[in-house]
Amino acid sequence: MNLIRPVFHDPAYRPPLRELIAIHWTANLRMLRRPRDIAIFTAISMVPVLTLFAAVEVFPEFLRTGSANPGNIMLELQSLLLRVIAVGVGFLAVQHVAFMIAIELTYTPHVRAAIRDRGVPVCLRCGHLLPPNDPEAPCPECGTTGSSATIRDSGRAAAKDATPANPDMANPDMAKPDMEVPRR
Ligand SMILES: [Zn+2]
């Protein structure tokens, strides 16, 4: 898992920007239909904020003046400023890591499924491109097998998503790369 930036798929797969936007739009719609993923995403994203509130409750003096250099207000303010900056930077770093973990666990699988629905065989576990003529072969990167089962799962999920107003979703393999973003 990359904690600096999300890795949705093999870097060798470079769809045009328009198609990339369509893939992420589809992935967003897929995730919005999974309350469990949204709950996990929200829970993980909240951990840093709750931890920060808890830390301020447990160590209330840490972000106040009057303890480090009593009597010297300039040194006090300087010390407080450094502590505020340290807490702020630390919080942003932890928040970023939590966000990357939440994305990897809940959103990335939908991006990979959306790419597969467009006919590009990628490993659902690591995003590596799979040999197009041998979908049964294990992923050359992580060794995951059973991609045919995941293709069926992906197709079934897409078929379940199909509505009379949006019949294109019933057969994602037929979806054109330049298709318009569905509007409701
Ligand atoms: Zn893989």
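In which hand, left or right, does α2 cross α3? Before I answer, please keep in mind that what we are looking at is a predicted model, with a pLDDT that averages 82 over the protein and with 76% of the residues scoring at least 70.

The answer is that α2 passes α3 in a right-handed crossing. Helix α2 covers residues 35-58 and helix α3 covers residues 73-117, and their axes come within 9 Å of each other while crossing at roughly 170°, so the two helices are roughly antiparallel. On the α2 side the residues that take part include F41, I44, V47 and L52, and these belong to a set that meets a group in α3 including F91, V94, F99 and L105. Sorted by class, this contact is made of 13 nonpolar residues, three polar ones and one charged one.

Let me turn now to H9, which sits in the segment before α1. H9 counts as buried, because it has 21 C-beta neighbours inside 10 Å. Leaving aside residues up to four places away in sequence, H9 touches R112, I115, V122 and G127, and its C-alpha lies 9.6 Å from that of R125, although H9 and R125 are 116 residues apart in sequence.

Finally, a word on confidence, element by element. Helix α1, residues 17-32, has the highest mean pLDDT among the elements, at 97, whereas helix α4, residues 147-161, has the lowest, at 45. Over residues 147-181 the pLDDT stays under 50, and for that stretch the model has 34 contacts beyond four places in sequence.

Conventions
Residues are numbered from 1 along each chain as its sequence is written. This is a predicted model: local features need pLDDT of at least 70, side-chain atom pairs count only at pLDDT 80 or more; totals for chains, interfaces and linings use all residues. Axes are lines fitted to C-alpha atoms, for helices over the stretch in contact, and angles run from 0 to 180 degrees between N-to-C directions. Helices (H or I, at least four residues) and strands (E, at least two) are DSSP runs, numbered from the N terminus. Angles under 35 degrees count as roughly parallel, over 145 as roughly antiparallel, 65 to 115 as roughly perpendicular and the rest as oblique. A crossing is left-handed if the near helix is turned anticlockwise from the far one by less than a right angle, and right-handed if clockwise. Two residues are in contact if their C-beta atoms, placed from the backbone, lie within 7 Å. Ala, Val, Leu, Ile, Met, Phe, Trp, Tyr, Cys and Pro count as nonpolar, Asp, Glu, Lys and Arg as charged, and the others, Gly among them, as polar. pLDDT is the predictor's confidence in each residue, from 0 to 100. A residue is buried if 20 or more other C-beta atoms lie within 10 Å of its own, exposed if 12 or fewer, and partly exposed in between; C-beta atoms are placed from the backbone.
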